[in-house]
Amino acid sequence: MSDKLAKVIAYHEATKHHYHAYAPGPGMLDWATQPDPFRRYAGAVLLHLDKYLSVDGPSYEQALIEGRVGPAALTRETVSRLLYDSMALSAWKQAGGNRWALRVNPSSGNLHPTEAYVISGPVAGLLDVPAVCHYAPKLHALEVRARFAIGTWRDLVAGLPPQTVIIGLSSIYWREAWKYGARAFRYCQHDAGHAIAAIGFAAAALGWKATLLDDPGDAAIADMLGLPRGHEPEAERPECLLAVYSQVHTCDTRVLPHAAMTAMAGNEWHGTPNVLSPSHRPWPIIDEAGAATRKPDTVIPYIVSASPEPVEPASIDSSTLLRRLIHQRRSAVAMDGHTGLLATGFYSMLSRCLPGMKRFPFNALPWPPVVHLLLFVHRVQDVPPGLYLLVRDPAQANDLREKFDKGFEWVRPDGCPEDLPLYRLAGGDCRKLAESVSCHQEIAADGVFAVAMLAGFERPLKAYGPWFYRRLYWECGAIGQLLYLEAEAYGIQATGIGCFFDNPVHELLGLKDRSYQSLYHFTVGGAVIDTRLTTLPPYPDPAPAQRT
């Protein structure tokens with residue numbers, strides 16, 4: 001085992017919650033050092049983007065399969081729309097004298113460690129020359145960090161489809177560590193996965209798609225985005241680059257030319273990042289995990305099964321618009337304990353969770369699926385309560401059977417679609433079990449069903465490298481973002497659960513090693529709405545911005 005892989009596993013073990021002890025955290029919150037949720041670059045030129053009064057565009061069902069939405073041209077409006085539907089504010093909430101923003105992309109604790117950047121060639125009405133811009137969600141605007149030569153841009157995207165825009169994501173670990181301590185590195189990776197999927201869904205509404213450019217290393221990404229080096233507590237760490245382009249084209253490479261990336265590193269950068277907190281508590285364990293999971297420049301020959309696309313799930317009302325679901329999405333804070341769901345809706349949700357080369361959001365991820373869904377089913381009509389498993393890659397079914405407790409049933413539920421690899425492991429009321437393993441949180445018992453996302457662990461880390469640890473969480477976050485929209489489409493809500501007891505979940509399944517690990521919990525159900533809160537629009541002036 002390599003030294004870096006040993007450090008990744010040591011971090012993972014050290015940040016597990018147990019019934020007898022939680023992972024190291026800050027204890028009491030220091031409200032005086034709460035991080036500013038909005039990064040700004042003082043002195044950078046600001047380009048205001050268009051805002052939108054109404055929700056329009058394709059139906060949810062239509063947009064989630066490639067090729068069904070006509071592609072829009074790359075314009076100021078469509079760049080504005082891409083960011084408005086993925087990384088912008090969705091509302092403000094107010095209670096008494098307190099006011100806080102909600103965003104289209106969810107985040108653990110609403111702390112938002114994920115920052116977004118746009119690398120683009122000229123766009124009429126927006127950019128006269130190629131530029132690297134930071135996205136400022138509070139203003140729905142771009143901060144121009146650097147302008148560079150058209151020749152460099154052409155070299156950079158020479159292997160990418162026409163009219164490609166590149167979106168870069170970074171994480172500020174301190175924003176999560178302030179509240180969650182050592183476990184914050186995990187949550188930052190969840191949030192990056194949610195953001196990847198959010199960008200994919202926003203692209204789908206435009207007839208575009210997002211593809212993860214997974215070969216550039218972290219150092220190259222940091223250079224391209226103009227991220228400062230070092231270990232300062234508020235540093236932004238590079239996560240990934242996404243190519244966004246029309247669905248009528250294919251992306252034949254995930255490699256960017258080395259010479260062009262090197263040229264980008266020489267850009268003249270503008271703007272000074274704001275200070276997020278007056279003081280900080282260090283978390284060396286997070287710095288160690290970040291260093292151990294840094295990705296080098298590599299060309300990874302991911303081998304994805306050529307299995308046929310999953311059969312389409314049950315149809316959803318065509319009047320259900322993708323953008324409406326995107327902007328109305330909320331993270332539930334409590335479930336009502338009685339709302340249920342028809343079996344057809346349940347099976348449809350699970351069908352959409354299956355990976356597919358042309359299915360959003362999983363068409364952005366180049367590796368074969370590694371995450372499966374352990375389901376605690378509570379209130380699904382005609383589906384008996386119990387513990388179930390959705391095997392997202394049938395090729396791994398035998399290995400899961402071999403690793404799991406031999407007493408499980410592995411029975412296909414009555415009425416389950418033939419193409420849905422769902423198995424009942426054990427029947428019976430599992431509400432208290434779901435609550436117990438999810439840090440005793442009632443929300444895991446009071447919904448329609450709860451989920452533990454079970455990822456292949458040691459095998460992919462050894463096959464690809466320690467840097468793949470972050471991508472395990474990205475896949476979990478992408479699944480979570482889909483479940484959010486699926487819940488909204490059926491008139492209910494969902495929320496991620498980052499606090500759970502890791503090893504008790506593994507013991508429940510009879511796992512004796514680290515072949516699989518539970519990385520993220522989720523719950524779906526009828527939300528309890530807090531009527532004490534006032535909802536305000538995301539932007540004071542929703543009219544289209546002045547051209548600047």
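In what order do the 6 strands of the open sheet stand? Select them one after another: the order is β14-β13-β12-β15-β17-β16, and the pairing is antiparallel. The model in the viewer is predicted, so local features need pLDDT of at least 70 and side-chain atom pairs count only at pLDDT 80 or more, while totals for chains, interfaces and linings use all residues. Residues are numbered from 1 along each chain as its sequence is written, and side-chain values use heavy atoms, leaving out hydrogens and water.

**The sheet**

Strands (E, at least two residues) and helices (H or I, at least four) are DSSP runs, numbered from the N terminus. Two strands pair if DSSP finds at least two bridges between them. Select β14 (422-427) and β16 (493-497) next; these are the edge strands, and each pairs on one side only. From one strand to the next, the twist averages 25°. Axes here are lines fitted to C-alpha atoms, for helices over the stretch in contact, and angles between N-to-C directions run from 0 to 180 degrees.

Now select residues 371-377, strand β12, together with residues 449-456, strand β15: the two run antiparallel and are joined by 7 bridges. Within this pairing, His372 stands opposite Leu454 of β15.

**The aromatic rings**

The structure holds 25 aromatic pairs. Rings of Phe, Tyr and Trp (its six-membered ring) pair if their centres lie within 6.5 Å; planes under 30 degrees apart count as stacked, over 60 as edge-to-face and the rest as tilted.

Select Tyr180 and Tyr187: this pair is edge-to-face, with 4.9 Å centre to centre and 85° between the planes.

Move to Tyr464 and Phe468, whose ring centres are 4.6 Å apart; their planes stand at 45°, so the pair is tilted. Tyr464 is partly exposed at 22%, and Phe468 is buried at 0%.

Then select Tyr11, Tyr173, Phe185, Phe457, Tyr469 and Tyr473, which form one aromatic cluster.

**Charges over rings**

Finally, select Arg145 with Tyr41: the charged end of Arg145 sits over the ring of Tyr41, 4.1 Å from its centre. The term requires NZ of Lys or CZ of Arg within 6 Å of the ring centre and within 35 degrees of the ring normal. Lys295 likewise has its charged end over the ring of Trp467, 5.0 Å from the centre.

Note on methods. Buried means under 20% relative accessible area, exposed over 50%, partly exposed in between (1.4 Å probe, protein chains only).
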